[in-house]
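Please examine the structure shown below together with its sequence. The paragraphs that follow treat salt bridges, strand pairing and nonpolar cores in turn.

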Amino acid sequence: RHTRYWRDWSSDVCSSDLWGRADMLNPTNNLTPNDLRVRSPIEDDRRLGNVGARAFLRFAPFRLEGVWIPTYVPSELPPVLLPEFVSYGTPLFPEPKLKNGLAGGRLHLELASVEMSVSYLNGYAPLPGLTLTNLTFDLVNPSVMVARTAYKHQVVGFDFSTALGDILAIRGEAAYRRPYEYQNRIYVPRPDLQYVLGADHTFGSVSVIAQYLGRYAFDWKKENGPLMELDPSVLKMTPADGESYRKSYTETINSQLAKTNQMLFSQTEKVQHLGTVRVEWLTAHDTLSISALGMVNFTTREWLAAPKIGYRLSDALVAYVGAEILTGPRGTLFGVVDQTLSAGYAELRSTF
């Protein structure tokens, strides 16, 4: 079997419950939201739980999986400094009704030499966009209110894993995502195709996973933002005077939000090329783990480095020290969150 497991021995968690077989980046997994505010040596700790139902029908060598999630839980992002007078309003998320639930199906083929699956999902995406909900002109307290806004999409996916003898394990997946009514909504991304191909091998006590990921956005156009940035202080005027400027200021703010959303959805370029490498060395009779994860976006010049050392003090107690470093040019997602998310950490984890 080539089911994907977390390489970190300290987690002892099988991630086969997640859709997709690639490491770290899973285009087909649109079921589980993430909380990027969490700092943890175990990547699975960032996944947010939700209420749902899951069922299997087995007729070897096939296995049919069905998933239904009736309530919406969004991915959480780290806080970023907002411009003066700009604040977040009440999120525009779907009500907990049956018609707003997320549904998906996945057909697995499980053979001795290869595993693969095809999947389909329809529902609200875990990562919402941003929309303008209120613009207030006032001599003392003007305000621009923006809200996180959910959108629906459908995703068709494919993944596989196999092995070339004892030399390499090969894994890959691809997903085509098509949001609904993306042409007329600034908070919705463009349709895109994401694909991953990776290989892993163990050299004695050292394991290495290397992957390539590509992204292609359909019907893409560059969102450059407004010709001139809006100075929030110009909103300081009486409501009566402000009405004559409302339309032009709304268009300016929406233009800026369209640019921000494109960055948020990692679609600042039509075609992107990324690479990831994960290396782990187990030593001291498998009580000491020294590992590092690296990711680079060759197109946008964003990169991430996550070195980590774990030491098993006992069967139930593990100590960690590590760091997560993100950086990117201005106008990229990593460039916005790098100062907020880049940090070192130490953790003592007890399992029972």
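Glu181 and Arg185 are joined through their side chains by a salt bridge, with an N to O distance of 2.7 Å; the term denotes a side-chain nitrogen of Lys or Arg within 4 Å of a carboxyl oxygen of Asp or Glu. Glu181 is partly exposed at 47% relative accessibility, and Arg185 is likewise partly exposed, at 32%. Here buried means under 20% relative accessible area, exposed over 50%, and partly exposed in between, with a 1.4 Å probe and protein chains only. The model is predicted: local features need pLDDT of at least 70 and side-chain atom pairs count only at pLDDT 80 or more, whereas totals for chains, interfaces and linings use all residues. Residues are numbered from 1 along each chain as its sequence is written, and side-chain values use heavy atoms, with hydrogens and water left out.

Over the whole structure, 20 salt bridges are found. One of them connects Arg21 with Asp159, whose closest N and O atoms are 2.5 Å apart. This pair spans 138 residues, from the segment before strand S1 (53-59) to strand S8 (residues 152-164); helices (H or I, at least four residues) and strands (E, at least two) are DSSP runs, numbered from the N terminus. Arg21 and Asp159 are both buried. In another salt bridge, Glu110 and Arg63 bring their closest N and O atoms to 2.7 Å. Arg63 is buried, with a relative accessible area of 12%, whereas Glu110 is partly exposed, with 21%.

Attention now turns to strand pairing, which requires that DSSP find at least two bridges between two strands. Strand S10 (residues 192-203) pairs with strand S9 (residues 168-179) in the antiparallel sense over nine bridges, and Gln194 in S10 is the bridge partner of Ala175. S10 also runs antiparallel to strand S11 (residues 206-217), to which twelve bridges join it; Gly198 has Gln211 in S11 as its bridge partner. Two residues lie between S10 and S11 in their hairpin, and Gly204 in the turn has a positive phi of about 65°.

Which residues have the most contacts inside the largest nonpolar core? They are Leu213, Met295, Leu304, Leu326 and Phe334, in a core of 13 residues. Such a core is a set of buried Ala, Val, Leu, Ile, Met, Phe, Trp, Tyr and Cys residues joined through side-chain atoms within 4.5 Å. Strand S13 (288-297), strand S14 (302-312) and helix H3 (333-341) each give two or more residues to this core, and H3 gives the most, with three.
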